[in-house]
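Subject: Structure handover

Hello,

Here is the structure we spoke about. My notes follow below it.

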Amino acid sequence: MQVLFIGDVVGRSGRNALAGVLPGLKSQYSWDLCIANAENAAGGKGITEKVARELLDLGIDVLTMGNHTWDNKDIFNFIDSADYLVRPANYPAPVPGQGWTVVRRADKSVGIINLSGQVFMGPMECPFAAVDRILDELNHCQYIIIDFHAEATAEKLAFAHYVDGRVSAVVGTHTHIQTADAGVLPQGTLYITDVGATAPINSVLGMEIEPVIKRFTTKLPQRFSAASGPAAVCALWMDLEARLVKPLTVTSP
Ligand SMILES: [Fe+2]
Ligand SMILES: [Fe+2]
């Protein structure tokens, strides 16, 4: 089972880069399943149904989310019918949408779970307790892939070791900068602390630079917008049986 996991797609620039880069990647690598984190896909903040459709039309099978899930209110119009979309599973129970989904590929079931960390993030159910509960429900799956959406490196690593050997892969998202630690944990789980973002290169984590500098220098609230211009696609290619990982960063043509 080969999987391409694409890091947080930011705004139109990120989406355009993905459209430009994916055909070339597909000629170099094969995959059975393509997952993308889409919490910043609509103007850097959340997602709309139109943007979700645009990503699915590129050949992406499953969209994962994070702390920006609810930033664009359009999500409330379609999340409950979007079986391809997962938001963090450790939101309180009444929240719309689903925290995991199962995809069938070649007679095998692949469970895809989205979980949020707690350190430097909004208050959430403990992801360690949540994952134990979810893995019980997904025990029929041959493969499990977790998008662990978290800020703190220590929490991401600790979580990955907690589930090592129980899931196929833990892919970190949220910090938008790809880390240089892609590999295989002792019990066989594939791991990267952060897969990086699919975002404009001249930006601060995909957003326009000046308002971010102004926020730091004045402490005043600023309106952040997705930056434009050339973008890079960050992704992790994985072979779940051969236990291979290849981190990718490809600039749009
Ligand atoms: Fe993000
Ligand atoms: Fe995030």
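**The loop between β9 and β10**

Histidine 176 is found in the loop between β9 and β10. Helices (H or I, at least four residues) and strands (E, at least two) are DSSP runs, numbered from the N terminus. This is a predicted model, in which local features need pLDDT of at least 70 and side-chain atom pairs count only at pLDDT 80 or more, while totals for chains, interfaces and linings use all residues. Residues are numbered from 1 along each chain as its sequence is written, and chains are lettered from A and ligands numbered from 1 in the order in which they are written.

Phi of histidine 176 is positive, near 70°, in a residue other than glycine. Histidine 174 lies in that loop between β9 and β10 too, and its phi, near 105°, is also positive. Most residues other than glycine have a negative phi. Histidine 174 counts as buried because it has 27 C-beta neighbours inside 10 Å, and histidine 176 counts as buried with 22. The cut-offs are 20 or more other C-beta atoms within 10 Å of a residue's own for buried, 12 or fewer for exposed, and partly exposed in between, with C-beta atoms placed from the backbone.

**The sheet**

Six strands form an open sheet with mixed pairing, in the order β6-β7-β8-β9-β11-β10. β6 (100-105) and β10 (183-184) are at the edges with a single partner strand each, so one side of each has no neighbour in the sheet. Two strands count as paired if DSSP finds at least two bridges between them.

- β7 (residues 108-116) pairs with β8 in the parallel sense over seven bridges; asparagine 114 has aspartate 147 in β8 as its bridge partner.
- β8 and β9 are parallel, over five bridges, and phenylalanine 148 is bridged to glycine 172 in β9.
- β9 and β11 are parallel as well, over three bridges, with alanine 169 opposite leucine 190 in β11.

β9 is largely enclosed by the rest of the structure, because five of its five residues are buried. Ala169, Val171 and Thr173 are buried on one side of β9, and Val170 and Gly172 on the other.

**Helix α5**

β8, α5 and β9 make a right-handed β-α-β unit (right-handed: with the strands pointing away from the viewer, the path from the first strand over the helix to the second runs clockwise). The buried residues of α5 (residues 153-163) are Lys156, Phe159, Ala160 and Val163. They cover an arc of only 100° around the axis, which puts them on the same side of α5; the arc is that of the directions from the helix axis to the C-beta atoms. Among the elements that cover them are α4 (127-137), β8 (143-149), β9 (169-173) and β11 (190-192). Contact here means C-beta atoms, placed from the backbone, within 7 Å. After α5 comes glycine 165, with a positive phi near 90°.

**Helix α2**

In α2 (residues 49-57) the buried residues are Val51, Ala52 and Leu55. They fall within an arc of 105° seen down the axis, so they line one face of α2. Lys50, Arg53 and Asp57 are exposed on the other side of α2. The cover over the buried residues of α2 includes β2 (8-9), α1 (11-28), β3 (33-37), β4 (62-64) and β5 (85-86). Glycine 59 follows α2, and its phi is positive, near 105°.

Regards

Technical notes:
Contact = placed C-beta atoms within 7 Å.
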